[in-house]
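Please look over the sequence and the model before reading the points below.

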Amino acid sequence: MARPRKPLLSRDGIVDAALALASETGGFTVPELARRLDVRPSSLYNHVRGRAEIIELIRRRLHEEMAVRVDVSGDWADVVRNVAAAQRAVLARHPWVIMLLATSPAGLDSAITTVENLATILSRAGFADRDVAHVIAMIDIVTIGAGLDLVSPEVIYPPEVLAQSTTLARVMSSLPAGASRADDAFDFTIELVIEAMRARLRRTLEGGTEQEARP
């Protein structure tokens, strides 16, 4: 049998094209995606129900990239570090996806195993349910900023700018020579977050959270 002139469409191929198109333009529409794949829009609907499903497929693909092996019997702080680092790396590779995913709800079939395991290990450590929910959101908040920072210029304050300052020039000179500014800032932020989480956990285990919540 003769091979088709055009590659056959597949859901993975559609996701690949959507990722490529969005990385160039910051988003995509179904007609744009069809033109990229050199097919009619109706051909896409033989594989996906529409743009919303394509976004969900992208979400699942990126969740798979962000997934880390979580040992629910391990140290919760290491899990927070690993989950945050993996999420930051993916968002740095696909910074445009932040707005795309932030404006669409997660589907029931999303790959949420990593988040589920994170919630489990934090709960077992003794964190209150409300705090666990906030930690999950906090990791998103930190990694979104850190992902964008990772693709920003290494030198934020050029020498001519620092030459006109005193305090800023001094504090910037305290950074380790040769170290990545973005990596150093991310590590500092995560360790600061973990330090605050440890303090929060101590108060919870001592009954402080319940006392603070009372009128």
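Which side chain meets that of Arg81 in a salt bridge? The partner is Glu191, with 2.7 Å from N to O; a salt bridge is a side-chain nitrogen of Lys or Arg within 4 Å of a carboxyl oxygen of Asp or Glu. Arg81 lies in helix α5 and Glu191 in helix α11 (residues 181-205), so this bridge ties together parts that are 110 residues apart in sequence.

The model is predicted: local features need pLDDT of at least 70, side-chain atom pairs count only at pLDDT 80 or more, and totals for chains, interfaces and linings use all residues. Residues are numbered from 1 along each chain as its sequence is written, and side-chain values use heavy atoms, with hydrogens and water left out.

**Fold and surface**

- The chain has 12 helices and zero strands; helices (H or I, at least four residues) and strands (E, at least two) are DSSP runs, numbered from the N terminus.
- Of the 215 residues in the chain, 35% are buried. Buried means under 20% relative accessible area, exposed over 50%, and partly exposed in between (1.4 Å probe, protein chains only).
- The chain exposes about 13,300 Å², of which carbon and sulfur atoms supply 56%; accessible areas come from the Shrake-Rupley method with a 1.4 Å probe, and for residues only the protein chains shown count as cover.
- Among contacts between residues at least 6 apart in sequence, 71% join residues at least 24 apart, where contact means heavy atoms within 4.5 Å.

**Nonpolar cores**

- The largest nonpolar core has 25 residues, and those with the most contacts inside it are Phe28, Leu33, Ile54, Ile58 and Leu62. A nonpolar core is a set of buried Ala, Val, Leu, Ile, Met, Phe, Trp, Tyr and Cys residues joined through side-chain atoms within 4.5 Å.
- Two or more residues of this core come from each of α1 (11-25), α2 (30-37), α4, α5 and α6 (97-102). Helix α1 gives the most, with seven residues.
- Apart from this core lies another, of 24 residues, among them Ala77, Ala84, Leu122 and Ile190.
- Leaving aside neighbours within four places in sequence, Ile54 is in contact with Ile14, Ala18, Phe28, Leu33 and Val48.

**Salt bridges**

- The count comes to 12 salt bridges.
- Arg93 forms a salt bridge with Glu65, the closest N and O atoms being 3.0 Å apart. Arg93 lies in helix α5 and Glu65 in helix α4 (residues 51-66), so this pair ties together parts that are 28 residues apart in sequence.
- Arg93 counts as partly exposed at 48% relative accessibility, and Glu65 counts as partly exposed at 32%.
- Glu53 forms a salt bridge with Arg49, with the closest N and O atoms 3.9 Å apart. Glu53 is buried, with a relative accessible area of 13%, whereas Arg49 is exposed at 70%.
- Arg11 joins Arg49 and Glu53 in a network of salt bridges.

**Aromatic rings**

- There is one aromatic pair; rings of Phe, Tyr and Trp (its six-membered ring) pair if their centres lie within 6.5 Å, and planes under 30 degrees apart count as stacked, over 60 as edge-to-face and the rest as tilted.
- The ring centres of Trp76 and Phe127 are 5.0 Å apart and the planes stand at 85°, so the pair is edge-to-face.
- Trp76 lies in helix α5 (residues 76-93) and Phe127 in the loop between α7 (113-125) and α8 (129-150), so the pair ties together parts that are 51 residues apart in sequence.
- Trp76 is buried, with a relative accessible area of 8%, and Phe127 is buried, with 4%.
- Arg51 lies over the face of Phe28, at 5.0 Å from the ring centre. A charge sits over a ring if NZ of Lys or CZ of Arg is within 6 Å of the ring centre and within 35 degrees of the ring normal.
- Arg88 lies over the face of Phe186, at 4.5 Å from the ring centre.

**Tyr45**

- Tyr45 lies in the loop between α3 (41-44) and α4, and counts as partly exposed at 44% relative accessibility.
- Not counting residues up to four places away in sequence, Tyr45 touches Val30 and Gly50.
- Tyr45 and Val30 are 15 residues apart in sequence and 9.5 Å apart in space, C-alpha to C-alpha.
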